[in-house]
Amino acid sequence: MSAATTAGRRLVRAGALAGALAVWQVLTAYDVNLWLRFEQFPTVGEVASAFADRVGTAAYWRDLGHSLRRIVTGFLLAAVLGVAAGTAIARSRWAADLLGPLVEVVRPVPAIALVPVAILLLPTNEQGIVFITCAAAFFPVLVSARHAVRALNPVWEEAVLTLGGGRARVLWSVVLPGALPGVFGGLSVGIGVAWICVISAEMISGEYGVGYRTWQDYTVVDYPGVFVGMATIGALGLLTSTAVEAVGRRVTSWLPRPAARGPAPRPAAPPASSPRPGAVTGTPAAAATAPEKEPVP
């Protein structure tokens with residue numbers, strides 16, 4: 001992809017964001033109240049002013065640090081456990097029989113519904129929030145790893161076994177590398193779900209964190225502060241998901257990448273000596289369609 005194309009795409013993305021902010025500013029500055037009510041919404045300028053005030057305080061960065069520590073700890077635990085469990089279920093009949101039913105029963109339960117379980121089971125709120133974050137990311141990673149391992153071509157495993165490799169060699173040389181693209185797809189989904197649940201858990205039972213601070217701003221009717229928290233959550237989610245995708249591209253750099261799309265090639269022109277349609281040629285098909293000559297007496 002050329003530098004001009006990359007710069008153009010970045011310009012379009014920046015323009016889309018600027019356009020959304022401009023619409024927000026117009027709707028809130030003029031207190032538009034049609035079906036949606038914008039008269040109580042803070043303007044873009046009010047949110048920007050509140051954000052500038054918050055960034056200069058130690059409490060903002062302390063909340064940021066708590067949320068990042070919780071998300072990183074829970075997500076790493078979910079990545080390790082999810083890949084291990086998904087691979088085991090896909091490769092072992094015993095693991096599928098023992099873990100499969102449990103996974104399918106617990107997976108539909110929203111992670112945020114596990115807050116009472118975390119409060120009863122774990123000694124501190126901090127551990128409970130990490131537990132909920134891990135549970136939120138665990139199932140997307142497990143399901144993606146399970147499907148990625150099952151989709152592998154068995155020819156690769158048979159080739160390793162034919163060359164004398166054992167099950168451990170198959171696992172480390174074939175299964176895990178071959179499943180990496182699918183696993184990182186699940187990790188990208190998992191990091192987004194983990195942010196949703198860690199913020200919700202902080203709102204319910206946290207003492208510090210971006211979610212806790214956002215809920216406190218709502219309770220004291222500080223709406224610009226609420227939008228500062230929302231913007232912070234969105235920025236953190238974008239940074240972490242971008243980091244996961246960057247690591248995925250680095251780890252799977254050995255995979256072939258799709259070529260850049262260019263203009264479709266023109267069909268080749270027929271050669272100048274090609275006969276016109278319906279002309280008689282020396283081929284059997286043409287001879288079959290040519291008129292028969294009268295035999296010479």
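User: Which residue follows α1, and is its phi positive or negative?

Analyst: D31 follows α1, and its phi is positive, near 50°. This is a predicted model, in which local features need pLDDT of at least 70 and side-chain atom pairs count only at pLDDT 80 or more, while totals for chains, interfaces and linings use all residues. Residues are numbered from 1 along each chain as its sequence is written, and side-chain values use heavy atoms, with hydrogens and water left out.

User: What should helix α1 span, and what separates its end C-alpha atoms?

Analyst: Helix α1 covers residues 3-29, and its 27 residues at 1.5 Å each should span 39 Å; the expected span is 1.5 Å times one less than the number of residues. The end C-alpha atoms are 38 Å apart, which agrees. Helices here are DSSP runs (H or I, at least four residues), numbered from the N terminus.

User: Why is G206 called buried?

Analyst: The relative accessible area of G206 is 14%. Buried means under 20%, exposed over 50% and partly exposed in between (1.4 Å probe, protein chains only), so G206 is buried. G206 sits in the loop between α8 and α9. Not counting residues up to four places away in sequence, G206 touches I129, A201 and Y212, where contact means heavy atoms within 4.5 Å. The C-alpha atoms of G206 and H66 are 10.0 Å apart, although 140 residues separate the two along the chain.

User: What makes R54 and D222 a salt bridge?

Analyst: A salt bridge needs a side-chain nitrogen of Lys or Arg within 4 Å of a carboxyl oxygen of Asp or Glu. For R54 and D222 the closest N and O atoms are 3.2 Å apart, so the pair qualifies. R54 lies in helix α2 (residues 44-55) and D222 in the loop between α9 and α10, so the bridge ties together parts 168 residues apart in sequence. The whole structure has 9 salt bridges.

User: Which residues are linked with E126 in a network of salt bridges?

Analyst: The network links R69, R70, E126 and E202. R69 meets E126 at 3.2 Å, N to O, and R70 meets E126 at 2.8 Å. R70 lies in helix α3 and E126 in helix α6, so that pair ties together parts 56 residues apart in sequence.

User: Are R70 and R69 buried or partly exposed?

Analyst: R70 is buried, because its relative accessible area is 2%, whereas R69, at 42%, counts as partly exposed. E126 is partly exposed as well, at 26%.

User: Which residues touch the most other members of the largest nonpolar core?

Analyst: They are I132, L142, L187 and W195, out of 44 residues. The largest share of this core, 14 residues, comes from α8. A nonpolar core joins buried Ala, Val, Leu, Ile, Met, Phe, Trp, Tyr and Cys residues through side-chain atoms within 4.5 Å. Leaving aside neighbours within four places in sequence, I132 is in contact with A111, V115, A118, C197 and A201. A second, separate core of 5 residues includes A50, Y60, F227 and V228.

Terms used. Helix = DSSP H or I, 4+ residues; strand = E, 2+ residues; numbered from the N terminus.
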